[in-house]
Amino acid sequence: MSEPRTLNIGLIGAGRIGSSHAELITRAVPNARLVAIADPVEGAAARLAAELGVAAAYTDIADLLADPVIDAVVITAPARFHTTLVEQVAAAGKAIFCEKPAGMTLEEIDRIRQAVEAHGVLFRIGFNRRFADGFPQARAMIDAGRIGTPQLLRSTTRDPGLANPAAVAPWTIFLETLIHDFDTLNFLNPGARAVQVYAAADALVAPEYKDSGLLDTAVVTIRYDNGAIATAEASFSTAYGYDTRAEAFGSAGMVTAGELAASSMRYYGSEGIGIDTVRADTQSMRTAYTAELQAFTDTTLGHPVDGPGVDAAEDALRIALGCIESCRTGAPVALDVVEAAR
C-alpha cells in the first residue's frame, strides 16, 4: 500500500498569526509539511524556520514561489498585501490559503476571483469561526430546520488587548475584526444576503487616538433579504478574556455558539465561583485554526471539505465597506450602493 500523499506548504508572513499557523502546520496537521517560510523583514523567516525545523527561509517572496517543491501557500502577511500576494501565488500555480481580509476593496476581490479562476487554483480564506467548536454544529441545526426561520442573529468579538493604539489602521475594526462576525452571521443565515447596514463606532478605549482614525468599539445592525435582523459587536479591550460568541434565534428555537472558559474547571470558594478564561485568539481559536488548515490541506490533496472561498470573502467585505460608509454618513447604507460603486 502506498503512503498517503503529504502537502508541501510555503508560508508568507512570519508575524504573530504566521508564527501560530506555522506551528500548527508543523505539529498538528499530519498530512501537511511546512517546507519554506518567507518574510521581507530581515531575519524573521530564518528565526521561525530555525525554531520549527523548516528547511528553507527567504526574504524574497519570489524565491518561495519559485520553489518547485511547494504545492500550496498560506498567506499571513499584513492585510494590505493580500490581493497582490494572492495574484502572485495563483500565477505560480499553487493552492492558496489567505488570512482575512482577502482584499480591502471589492475591486481587489474581483482581481482575486480573476486570478484563481484564470490559473485554476484552490482559494480559501481564513474565516476560522466556521471551524470553531459549536459553530458548524449550530449551522447544522439551522440547516436541519431546528430553529425554523432565522429572525434575530448576533455575533460578538471582544478582544482583550489594545497594546499599541497608534499602530491600528483606520477602519481596522470593520475590515479585520468584525469581518469575522459578518462572515459568521452570513454563515448562520444560509441562503440570505445582507441588504442594509448601520454602524455606530467610537474610540472609547483610547479616545486620544480617535483623531488619527482609531475606532475601538462598534455595534453594527444588518438587515437581510429574508427579513432577519442581525447585530455584530466589537471591543478592543475586554478585561475578562477573549470573547467570541454567536446566536441565531428563529421561529422555532435558538442556537448559540462560542465559549469563553479555558477549561471545564470551576473554582468554588468563599468569594464565589471562578473560571479561567481564554486570553488570546491563538488560544481560543487553536482548534479552529487547526481545523481550517486541515480542511485546506485535505481539499488540496483531492479530498474536498467545505470551506469559505472568494464568495464568502466578498460577502463579508460588502458589509464591512457598508459600515465604513455608514460611519462617514451617520446613516444606514444600502449594500447595493456599495456594490454599484466598485
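Biologist: Is Glu 233 buried, partly exposed or exposed?

Modeller: This is a predicted model, in which local features need pLDDT of at least 70, side-chain atom pairs count only at pLDDT 80 or more, and totals for chains, interfaces and linings use all residues. Residues are numbered from 1 along each chain as its sequence is written, and side-chain values use heavy atoms, with hydrogens and water left out. Buried means under 20% relative accessible area, exposed means over 50%, and partly exposed lies in between, for a 1.4 Å probe and protein chains only. Glu 233 has 25% relative accessibility and therefore counts as partly exposed.

Biologist: With which residue does Glu 233 meet in a salt bridge?

Modeller: Side chains of opposite charge can pair when their charged atoms come close. A salt bridge is a side-chain nitrogen of Lys or Arg within 4 Å of a carboxyl oxygen of Asp or Glu. Here Glu 233 meets Arg 158, at 2.5 Å from N to O. Because Glu 233 lies in strand β10 (residues 229-235) and Arg 158 in strand β7 (residues 150-158), the pair ties together parts 75 residues apart in sequence. Strands are DSSP runs of E with at least two residues, helices are runs of H or I with at least four, and both are numbered from the N terminus.

Biologist: How many salt bridges does a search of the whole structure find?

Modeller: The search finds 20. One of them joins Asp 183 to Arg 130, the closest N and O atoms being 2.7 Å apart. Asp 183 lies in helix α7 and Arg 130 in the loop between β6 (123-125) and α6 (135-143), so this pair connects parts 53 residues apart in sequence. At 2% relative accessibility, Asp 183 is buried. A network of salt bridges also links Asp 110, Arg 113, Asp 311, Glu 314 and Arg 342.

Biologist: At what angle do helix α7 and helix α10 pack?

Modeller: Axes are lines fitted to C-alpha atoms, for helices over the stretch in contact, and angles run from 0 to 180 degrees between N-to-C directions. Helix α7 (residues 172-187) and helix α10 (residues 310-329) pack at about 125°, with axes 8 Å apart. That angle makes α7 oblique to α10; angles under 35 degrees count as roughly parallel, over 145 as roughly antiparallel, 65 to 115 as roughly perpendicular and the rest as oblique.
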